[in-house]
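Hi,

Here is the structure I promised to pass on. Please open it alongside this note and have a look around.

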Amino acid sequence: MVNSRGEVIGVNTAMILPAQGISFATSIDTAKFVASRLIRDGRVSRSYIGLAGQNVPLPRRIISYYNLAVESGIFVISFETDSPARRGGLREGDIIIGFDDRPIAGIDDLHKLLTEERIGRNSSVMVIRGTEKVAIDVTPQESERRDN
């Protein structure tokens, strides 16, 4: 994909042929990162904390009381067996609102922060548990390779 100045801005990743040219793409920055890691290491390493969650809005009272920078968070639904999040003390029903002093408004924000640099490094996860704001230490581990 190129912009009107001829600069590469993305790479098409999937196309729906009967849908009149609708396609999906990834940004050029992501493509460069992935390509460099594949050339250097033969794979891309990511960290993970092993939970399933969904984006949820936060109650206005909680946002005001804690003066939060976000209006939504990640509602923790479940965990992988023996996951870093469960070992760290996260519970089902917690709402994640921060990770290492960065606000987290949703799952995409968390994924962006779970880079290979976080593998094995203790990180603080800020959650709303009931009406309390709680900091929990979690040590992300390397995401295991999954064959399709």
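Below is what turned up, from confidence to core, pockets and rings.

First, the ground rules. This is a predicted model, in which local features need pLDDT of at least 70, side-chain atom pairs count only at pLDDT 80 or more, and totals for chains, interfaces and linings use all residues. Residues are numbered from 1 along each chain as its sequence is written, and side-chain values use heavy atoms, with hydrogens and water left out.

The protein chain has a mean pLDDT (the predictor's confidence in each residue, from 0 to 100) of 90, and 97% of its residues reach 70 or more. Confidence is lowest in strand E1 (residues 10-16), with a mean of 81, and highest in E6, at 98. Helices (H or I, at least four residues) and strands (E, at least two) are DSSP runs, numbered from the N terminus.

The largest nonpolar core has 16 residues, and Leu 90, Ile 96, Phe 99, Ile 104, Leu 110 and Val 125 touch the most other members. Such a core is a set of buried Ala, Val, Leu, Ile, Met, Phe, Trp, Tyr and Cys residues joined through side-chain atoms within 4.5 Å; buried means under 20% relative accessible area, exposed over 50%, and partly exposed in between (1.4 Å probe, protein chains only). Strand E5 (72-79), E6, H4, E8 and strand E9 (132-138) each supply at least two residues of this core, with the largest share, three residues, coming from E5.

Now the pockets. A pocket is an open set of points on a 1 Å grid over the protein atoms alone, where a 1.4 Å probe fits, with protein on both sides within 12 Å along at least five of seven lines; lining residues have an atom within 4 Å of a point. Volume is the space filled by probe spheres set on the points, which are joined across faces, edges and corners.

- The largest pocket holds about 240 Å³. Of its 16 lining residues, Tyr 48, Ile 49, Leu 51, His 111 and Leu 114 lie nearest the centre.
- The second largest pocket has about 190 Å³. Its lining has 14 residues, with Ile 97, Gly 98, Arg 102, Pro 103 and Met 126 closest to the centre; E6 gives the largest share, three residues.

Finally, the whole structure has one aromatic pair: Tyr 65 and Tyr 66, edge-to-face (planes over 60 degrees apart, centres within 6.5 Å), at 4.9 Å centre to centre and 90° between the planes. Tyr 65 is exposed at 67% relative accessible area, whereas Tyr 66 is buried at 19%.

Best wishes

Terms used: Rings of Phe, Tyr and Trp (its six-membered ring) pair if their centres lie within 6.5 Å; planes under 30 degrees apart count as stacked, over 60 as edge-to-face and the rest as tilted.
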